[in-house]
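Please open your viewer and keep the selection panel at hand.

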2 protein chains.
Amino acid sequence: MRKPLVGINMKNYINTRAQTSEWLEATIPLLENFSDVDTFIFPSMGTLETTANLLAGTSFGFGPQNMAPEKSGPLTGEFSVESIIDLNANYVEIGHAERKNLFHEKTSEIAKKIKLALDEKITPVVCVGEEVHANDTNELKNALKKQIEALFQTINLAQWENVVLAYEPEWAIGKASSAETNYIESAHQALREIIRELGGDETLVRIIYGGSVSKENAAEIVRQKNVDGLFVGRFGHKPQNFADIVSIVSKTKG
Amino acid sequence: MRKPLVGINMKNYINTRAQTSEWLEATIPLLENFSDVDTFIFPSMGTLETTANLLAGTSFGFGPQNMAPEKSGPLTGEFSVESIIDLNANYVEIGHAERKNLFHEKTSEIAKKIKLALDEKITPVVCVGEEVHANDTNELKNALKKQIEALFQTINLAQWENVVLAYEPEWAIGKASSAETNYIESAHQALREIIRELGGDETLVRIIYGGSVSKENAAEIVRQKNVDGLFVGRFGHKPQNFADIVSIVSKTKG
């Protein structure tokens, strides 16, 4: 049985140590009754050490919103996996659409990061999703298959177990409403078929949905058979909102 | 009179908080007699908060090796200027060759970062330098002029005062030896002419040299009229080496 999972990507919205501490100190107590749901945060890059100190010893996962494609070396401006390990972080966000579209990340570089994270026992939350709304499930599956094959070609099959896929249709990111629920379910189902076709054990792979998640759409989305959780954005900036989402996932999927 | 300046870019070589603390705690005491030289460090991104805590109240400058092109927002994986301010950091490295060549940074994005840093009163250390060794000073000046014009077109002239240029000829980065001294001096001189031609007061702009700096070449390079200091790489990973370079700059230029 896959344990439900709810994460939040703070992007560059909450960028001071005090604001990040405030969010964590308000949120952690609200989650006490939901140990049946795993949670994680990708705080703003300049607040990671503060996050590490506050989350030490808790079950609240965390990590950076990006990672260098190599362990160490002449990589000015990158965030090394050695620092992730040093901070006792356990997740890393890889391949977000903003990294691809705004900061020119290439698929081959993203694939390297996925392999490195898995080899270093850090859980990669790999963002996948088609750029434009597909007209039918075939078109949807083909678009996703191309991505998955390119991103995961170098991992060994056993490593699928430690992968989290965040399905974020690019056309739904930052929009007022999420993708339609049946569309989401067909995408998640397609992703499972693709993993199976590649030889991976999809039953172990948690696939969460991200893209304009809110209290209004959370229950319906997470009720879908192939959705294991939610990846929250701006809506979760209020601790109570994030806790409400976790509570919904616990009731629906816990 | 421009105060001499020595900086170090740790890139992704020293990536744990303990290693960074060790370097700082060993280096700071060695610099006590060189208050006539400004110093700064760009530690690995995952150790910035530790650096901020250790350098609080000292004159040792620091900051990140890169920065987001906008203050805040949907910029997954970037380092916000708001975090730089929160950490009381006072420098930021912008436009390093590795960001351009390995991580696809565009000139227009680098120009935005320079303007944002200056507007937020953070000193940008802007890396400039030609890709291939120029055959004569004209060719060298033309290559540099193209870069400077594109990078600084949006700043207002008074802001030149807070700019640090790090001249790093790309062809010399990571090599065993630095560029020839007279070549460096002609590049620094060309940079000053360019700033003047653009209307800026070049006498206020510190231009430091970077690219395979070591104890053997430091004195000769920094003796040049238009060189205001050095930007150290791997050679400075040993605290005593870094202190020796600062000492050479103090004796030569202090």
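**Starting on a helix**

Select helix α6 (residues 137–151) of chain B: α6 lies across β5 and β6 (164–167) of that chain, running at about 145° to β5(B). Axes here are lines fitted to C-alpha atoms, for helices over the stretch in contact (heavy atoms within 4.5 Å), and angles run from 0 to 180 degrees between N-to-C directions. Helices (H or I, at least four residues) and strands (E, at least two) are DSSP runs, numbered from the N terminus.

A note before moving on: this is a predicted model, where local features need pLDDT of at least 70 and side-chain atom pairs count only at pLDDT 80 or more, while totals for chains, interfaces and linings use all residues. Residues are numbered from 1 along each chain as its sequence is written, chains are lettered from A and ligands numbered from 1 in the order in which they are written, and side-chain values use heavy atoms, with hydrogens and water left out.

Next, pick helix α5 (residues 107–119) of chain B, which lies across β4 and β5 (123–128) at about 170° to β4(B).

Now show the strands of chain B: eight of them form an open, parallel sheet ordered β3-β2-β1-β8-β7-β6-β5-β4. β3 (61–62) and β4 (91–94) of chain B are at the edges with a single partner strand each, so one side of each has no neighbour in the sheet. Strands pair if DSSP finds at least two bridges between them; β1 (residues 5–9) and β2 (residues 38–42) of chain B have five. Zoom in on Ile8(B), which sits opposite Ile41(B) in β2(B).
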